[in-house]
Amino acid sequence: MNLPKFRLSPNAYALDLFVAESGICSCCGQARELKYNSSFYSLETPDYLCPWCIADGSAAQRYEGEFNDYLGIEGVSSDLAESDSIAIERELLQEVCSRTPSYHSWQQEQWLVHCNQPCAFVGYTDYAEIQTLQAELQGDIAGMPERYLQAISKTGDPVGGYLFRCMECGRHRLHTDCT
Ligand SMILES: [Zn+2]
Ligand SMILES: [Zn+2]
């Protein structure tokens with residue numbers, strides 16, 4: 001069976017966002033082999049979520065939950081007046097929150113934007129990869145001490161690096177955090 005694709009997390013299955021585990025999906029009730037293994041913010045915590053129920057929005061709807069925090073999307077503010085003025089279409093913000101797997105991070109995950117739309121999460125990154133993308137990432141790494149940049153690793157220890165790519169122009173962007 002072909003796994004559903006996530007437009008904003010194209011490498012989801014190559015990362016640690018799902019684990020191979022047989023079970024019954026709490027949302028659709030189907031026997032599945034792949035279990036979601038990252039954040040889901042909801043009142044009731046489902047035991048098992050399958051990729052299909054994330055991709056089609058049914059898990060988010062059923063549990064009234066979010067995989068990614070709305071306020072964690074770059075530029076989105078809890079101030080209603082400001083939210084109304086952000087240029088990103090609401091439907092795209094919903095796609096991040098309701099139909100896109102989260103990723104593992106130390107702090108509350110952030111979702112970067114570029115060209116007035118949410119970027120795709122490419123994966124975890126490290127100093128070596130950041131070096132090769134230096135020109136594109138200049139705006140994101142400006143002001144970061146060299147020692148901090150060197151500490152960025154794909155395992156997130158001691159500093160997590162999260163690489164995004166613009167859906168429109170292809171430019172990479174970087175988010176980092178640590179404990
Ligand atoms: Zn399911
Ligand atoms: Zn762009």
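How many bridges join β6 to β7, and do these strands run parallel or antiparallel? In this predicted model, 2 bridges join β6 to β7, and the two strands run parallel.

1. Burial of β7. Because 7 of the 7 residues of β7 are buried, the strand is largely enclosed by the rest of the structure. Both faces are covered, with Val159, Gly161, Leu163 and Arg165 buried on one side, and Gly160, Tyr162 and Phe164 buried on the other.

2. The hairpin. Strands β7 and β8 form a hairpin with 6 residues between them, and glycine 170, in the turn, has a positive phi of about 85 degrees.

3. The cis peptide. Most peptide bonds are trans, whereas the bond from aspartate 157 to proline 158 is cis, with omega near 0 degrees; proline 158 is placed in the loop between β6 (152–153) and β7 (159–165).

4. Cysteine 115, in the loop between β3 (113–114) and β4 (117–118), has a positive phi of about 50 degrees although it is not a glycine. Asparagine 116 lies in the loop between β3 and β4 and has a positive phi of about 60 degrees. Cysteine 115 counts as partly exposed because it has 14 C-beta neighbours inside 10 Å, and asparagine 116 counts as partly exposed with 13.

Note on methods:
Residues are numbered from 1 along each chain as its sequence is written. Chains are lettered from A and ligands numbered from 1 in the order in which they are written. This is a predicted model: local features need pLDDT of at least 70, side-chain atom pairs count only at pLDDT 80 or more; totals for chains, interfaces and linings use all residues. Helices (H or I, at least four residues) and strands (E, at least two) are DSSP runs, numbered from the N terminus. A residue is buried if 20 or more other C-beta atoms lie within 10 Å of its own, exposed if 12 or fewer, and partly exposed in between; C-beta atoms are placed from the backbone. Two strands pair if DSSP finds at least two bridges between them.
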